[in-house]
Amino acid sequence: AMDSTFAGGGVAAANAGAERLLSFRLQPVEPVEFSDDFMRTERASVRGPWSKVSGKWELLSRADQWRAHSPIAEENATRSANPFVYRGQSGGRATAIAGHGFWDDYTFAASVRSVDGSPGLAVHYRGDENYFLFRLRPAEKPGDAGAAEIIRVNATGEEILASTGIVARSGVWYRVSLATLNGELRVALDGLPVLSAKSPELSGGRIGLCVEGGEADFDDVRV
């Protein structure tokens, strides 16, 4: 059962009927471990372990980014330590997910950069109407404050569980970390704690990358 009330202990089996329970098997689960730096060979799938739920997702090389945004010579792109990013785009919300539904009590970190949209990370993703989302809203104008929010998404809509003003700008990389344990979600930005929220529904589910209202880049995912 995906319920944070059951957060540890042993297992047992009982039978009150006429049938006998001859055997059963317990499947141990290793600590969650996952990473993706989006370095792909020519033969590898562009999406790799990610499944698109909505929006447009593409793998961009540093050369692609130079051609689109920089007058500097394209050959300089080869000097980057990691020349690939995963870009999401949507006028609404673009989502790509990875992992397994039985993942629980993990830390999900990724580098995010807004192009002109609001990037986000999702945890405990159990469907497109059942997950928790951290959303980073960059400042719209110089001098304005951005916003960081923890949002509960369910079939009835969206509820902001926690929010705070924050200095965030488009075009800048930020390292976002979401740690979930025993019904509590804690968010850190560049290593500094910024938000937390509690919910009995914080239990079990995949991870996700999200973008709202434009484009954003993702890199160096770790769980």
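Biologist: Which residues touch the most other members of the largest nonpolar core?

Modeller: In soluble globular proteins, nonpolar side chains tend to be buried together. A nonpolar core is a set of buried Ala, Val, Leu, Ile, Met, Phe, Trp, Tyr and Cys residues joined through side-chain atoms within 4.5 Å; buried means under 20% relative accessible area, exposed over 50%, and partly exposed in between, with a 1.4 Å probe and protein chains only. Here the largest core has 41 residues, and Trp50, Phe108, Leu121, Ile207, Leu209 and Val221 touch the most other members. Strand S13 (residues 206-222) gives this core its largest share, six residues. Strands (E, at least two residues) and helices (H or I, at least four) are DSSP runs numbered from the N terminus. A second, separate core of eight residues includes Ile97, Tyr125, Ile151 and Val153.

Biologist: On what kind of model does this rest, and how are residues numbered?

Modeller: This is a predicted model, in which local features need pLDDT of at least 70 and side-chain atom pairs count only at pLDDT 80 or more, while totals for chains, interfaces and linings use all residues. Residues are numbered from 1 along each chain as its sequence is written, and side-chain values use heavy atoms, with hydrogens and water left out.

Biologist: What average pLDDT does the protein have?

Modeller: The predictor's confidence in each residue is its pLDDT, from 0 to 100. The protein averages 85, and 80% of the residues score at least 70. Over residues 70-81 the pLDDT is below 50, and this stretch has 10 contacts in the model beyond near neighbours in sequence; contact means heavy atoms within 4.5 Å. Where pLDDT is low, the predicted coordinates should not be read in detail.

Biologist: How many bridges join S6 to S13?

Modeller: Two strands pair if DSSP finds at least two bridges between them. S6 and S13 run antiparallel and are joined by six bridges, with Ser118 opposite Glu212 in S13. S6 also pairs with strand S7 (residues 131-137), in the antiparallel sense over four bridges; there Ala122 has Leu133 as its bridge partner. The hairpin of S6 and S7 has five residues between the strands, and in it Gly127 takes a positive phi near 150°. Eight of the eight residues of S6 (residues 118-125) are buried, so this strand is largely enclosed by the rest of the structure.

Biologist: Is Glu212 buried or exposed?

Modeller: Glu212 is buried, at 14% relative accessible area. A polar contact is a pair of N or O atoms within 3.5 Å; within protein, one must be able to donate a hydrogen and the other to accept it, and residues adjacent in sequence count only if both atoms are side-chain atoms. The Glu212 side chain makes such a contact with that of Arg93 at 2.4 Å and with that of Arg135 at 3.0 Å.

Biologist: How many aromatic pairs does a search of the whole structure find?

Modeller: A pair of aromatic rings is described by the distance of the centres and the angle of the planes. Rings of Phe, Tyr and Trp (its six-membered ring) pair if their centres lie within 6.5 Å; planes under 30 degrees apart count as stacked, over 60 as edge-to-face and the rest as tilted. The search finds eight pairs. The rings of Phe34 and Trp103 have centres 5.9 Å apart and planes at 65°, so this pair is edge-to-face. Phe34 lies in the segment before strand S1 (35-36) and Trp103 in the loop between strand S4 (84-98) and strand S5 (107-114), so the pair ties together parts 69 residues apart in sequence. Trp103 and Tyr106 also form an edge-to-face pair, 6.1 Å centre to centre with 70° between the planes.
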